[in-house]
Amino acid sequence: GRATVRLDPAFAVGPVRPRLFGSFVEHMGRCVYTGIYEPSHPDADELGFRTDVAHLVRELGVTVVRYPGGNFVSNYRWEDGVGAKADRPTQLDLAWRSVETNQVGTDDFVDWARSVGVEPMMAVNLGTRGPSEAVELLLYCNGDPGTQWPDRRAQNGHVEPHDVRVWCLGNEMDGPWQMGHKTAEEYARVAEETARAMRRVDRDLELVACGSSSRGMPTFGTWERVVLERCFDLVDHVSAHAYYEPLDGDVDSFLASAEDMNRFIQSVVATADHVAAVRGSDKRIMVSFDEWNVWRQQGFDGESSLAVREAPELIEDVYDVTDAVVVGSLLATLLQHADRVSMACQAQLVNVIAPIMTEPGGASWRQTIYHPFALTARYARGMVLRPAVVCDRVDTAAYGPVDQLVVTATLDDTGEGGADLTVFFANRSRTEPVELTLDVAAAVGAAPGDWTLVEHLALYDDDPTATNTRLEPDRVVPRPGGARTEGDTLTATLPPTSWHCIRLT
Ligand code: AHR
């Protein structure tokens, strides 16, 4: 069908928040071991981290990385992962029934994060542990020398504090699969007391309370209300997690997954603002969407049936073109909520439902979903604009009729050489192309002809199930998309199941 898109700098959502391009490293499967860390790999650095993977992480444009879990954190003893590597105990991780050698721990992760230029974001264990261990970890990371835990960090070779600013108060505590799963009231109390104690150490921390593990949780909505009623004054963000897959082969609904994310964010914001209203407060709690991705969970039997192994291959989903289009549309949705979503972490970074894959001792490569993330992180700059879109609708079983096109745009007019406008599109029809018309002059506020098309990159394929593999790592890559400009109008044909990045200056 035909689509017209209008953009105007007067209709701005807010500035692009760099932390929307976050990721997640969990001690799970091969994310850490043979993922970011593999001392025996030919490309390992002196600390044992793979430089080939570090290179791909930098190119991906990741800004903040959440660590060390995920479900893992809810039975983690952080003390096991610091100090001389030879003295660190091997433990059984109950979250994934895996052998944890503790060869990577807090100091190692922060060293890695700093070396690849990302901000570390830490989670504390509120499953099997509580406020006291959380405060000890905080002191270990951020404390000034003179007391036990900061001194221990200095003895372990890190005299300067790690200065970790963002802390998650547990992980998915609403989920019955979680070690130490809690009711909303139970979690709210322990999160409140942990936050209060952590703020005694450092008033200015950014604290994230656990929200819901998905919009479909039976406690969704009530959980957020109960937790925020207790923790409102003590936390800055509430988390949201969501994973999407074609359920029972329903690809049309899967392509419309951004609808779920959109409604999820709106509901969490409404709930947080309700709590604010009742308290007569103008404080705005932000949403930390700190786990999101495509994950074919229907193919995963669950944790309890896993054989106990070290660094096992766990949920190493191979992503296709359709998955990349969904990921692109989810990123666009996060940007459209940049006024209330403060952070977002794609889960996870390497091997485990990840944009980056590795072979132990061997190659590393980019999955299809790597490309929309990398291009969005690179070119979404300045202000997010709220587009006016007129397009056809696609019928979906899960969400009803939805717009065929997902659109977001950013405008950066801070540079010397005039304005940069980038528009991202996802065509989520499996059968219908879109004949796109974009009025550019209004968008950049420039005189007619005072702008140029820099680049149109498109991700699509005759085969929407095409993937990238070790043997064919660049089977699916962005390619020139064929947008044209005439006067003030940009036109392009957007094929079915496709994602696009169009840049103008
Ligand atoms: O990312 C995989 C798992 O998904 C995480 O450990 C957990 O938080 C979520 O359920």
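A salt bridge is taken here as a side-chain nitrogen of Lys or Arg within 4 Å of a carboxyl oxygen of Asp or Glu, and by this criterion the structure holds 33 salt bridges. The model is predicted, so that local features need pLDDT of at least 70 and side-chain atom pairs count only at pLDDT 80 or more, whereas totals for chains, interfaces and linings use all residues. Residues are numbered from 1 along each chain as its sequence is written, and side-chain values use heavy atoms, with hydrogens and water left out.

One of these pairs joins R230 to E192, with the closest N and O atoms 3.5 Å apart. The two residues are 38 residues apart and link distant parts of the chain, R230 lying in helix α6 (residues 222-231) and E192 in helix α5 (residues 184-201); helices (H or I, at least four residues) and strands (E, at least two) are DSSP runs, numbered from the N terminus. R230 is partly exposed at a relative accessible area of 43%, while E192 is buried at 9%, where buried means under 20% relative accessible area, exposed over 50% and partly exposed in between (1.4 Å probe, protein chains only). Both residues belong to a network of salt bridges that also includes R189, E193 and R196.

A further salt bridge connects E359 with R470, the closest N and O atoms being 2.7 Å apart. This pair likewise links distant parts of the chain, 111 residues apart, with E359 in the loop between β14 (356-358) and β15 (364-366) and R470 in the loop between β23 (453-459) and β24 (479-480). E359 is partly exposed, with a relative accessible area of 28%, and R470 is partly exposed at 39%.
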